Amino acid sequence: MRNQNKLDKVLFGIIVVLLGIGMLMVYSSSYIWSEYKFNDSFYYLKRQLLFAGIGFIGMVTISYFPYYIWKKYAKILLFSCFILLLLVLIPGVGMIRGGAQSWIGIGAFSIQPSEFMKLGLIIFLSAILSDYQKYITSFKKGFFPCLLLIFTAFGLIMLQPDLGTGMVLVLTCMILLFVAGAKLSHFFGLAGIGVIGFIGLIASAPYRINRILAFLNPWEDPLGHGFQIIQSLYAIGPGGLMGLGLGNSLQKYFYLPEPQTDFIFSIIAEELGLIGGSATILLFFLLLWRGIKIAIEAPDLFSRLLALGIASMLVLQAMINISVVIGLIPVTGITLPFLSYGGSSLTLTLCAAGILLSISRHSKSMEKSSKPII
């Protein structure tokens, strides 16, 4: 066992602050709908507290695990993730919500296998790339086998379909391949294929075409495909600099769909204004900064790639979610890490953060420390 030092206090603080904001905003954005649907204004908050509690305990526990244990079980983890992705596609096993068959029900709760796959694939790629880095410059021996694995996972996720999660998975994995030393020429060739594939994905599903059209001009169908983004902008606009005040959102009164999940940032901007929204974005950039710092100071290539992969995954997902909410990209249906209401999403996000904190305990800059802070 290698010596373990103090975990990254700044990263731990950022996570706690984001989680606290999430608790506050989940209640503020959901209590109207909770009271109407469940006759309990605290329904979503109580469940979120349960998920956050489980995830937080998992995060702290995992932060004490030696990070290299994940490399040992990388193959088993990835295989299990593929099994879950296949199971969710079986009628009667997979649950359909919002038009996507992305969940497996377990009693009163459900899990989303694609969330497990994001983390499982990052761990596996970090392990493989650290052991066989010399092959990554070869398209046949290194780059192509990794691509095959990535797009197999992406294809299974798209069968649900879940474009948002698939985008985060692919972009994060591309970052790992690039940092590991893949040639730029390989990425240029992949970009052309990617554009053709993306056009094919859009053309194969009419609802995706409608989402593109709604993105370009949501006012053309204000009560249909453009409804979500219009209501989101109606929330963000009146927020101004300081916001309407905590709890004073108007759009959560049955106007904005999913205010506690995919569009929670709209409520943050409406109630806390530009200052609150900017502070939230700043926290994610601080998270990325600490993730990069941990990766740079990590003791070996596996931990460097794993730290960068986890930090990139969290921040990419946040940026995609916020970009959707403010109308920069079409609606994809993806949660805001640490803040949105969700079970497996929040729990897995906190566990991923636990791995990042575990790596920080082995940071080269902390070798003189010996006592953990928690």
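Here is a short tour, starting with how to read the model.

## Reading the model

This is a predicted model, where local features need pLDDT of at least 70, side-chain atom pairs count only at pLDDT 80 or more, and totals for chains, interfaces and linings use all residues. Residues are numbered from 1 along each chain as its sequence is written, and side-chain values use heavy atoms, with hydrogens and water left out.

## Overall build

You'll find 13 helices and 3 strands in the chain; these are DSSP runs (H or I, at least four residues, for helices; E, at least two, for strands), numbered from the N terminus. The C-alpha atoms fill a box of roughly 55 × 50 × 40 Å along the principal axes.

How do contacts link up the chain? Take those between residues at least 6 apart in sequence: 74% of them join residues at least 24 apart. Contact here means heavy atoms within 4.5 Å.

## Inside the chain

Of the 374 residues, 52% are buried, meaning under 20% relative accessible area with a 1.4 Å probe, counting protein chains only.

The largest nonpolar core has 98 residues, and M117, L121, L177 and F338 have the most contacts inside it. Helix α12, residues 301-325, gives the most to this core, with 15 residues. Such a core is a set of buried Ala, Val, Leu, Ile, Met, Phe, Trp, Tyr and Cys residues joined through side-chain atoms within 4.5 Å.

Now zoom in on L177: leaving out residues up to four places away in sequence, L177 touches L129, I136, F143, C146, L147, I150, A182 and F187.

Technical notes
Buried means under 20% relative accessible area, exposed over 50%, partly exposed in between (1.4 Å probe, protein chains only).
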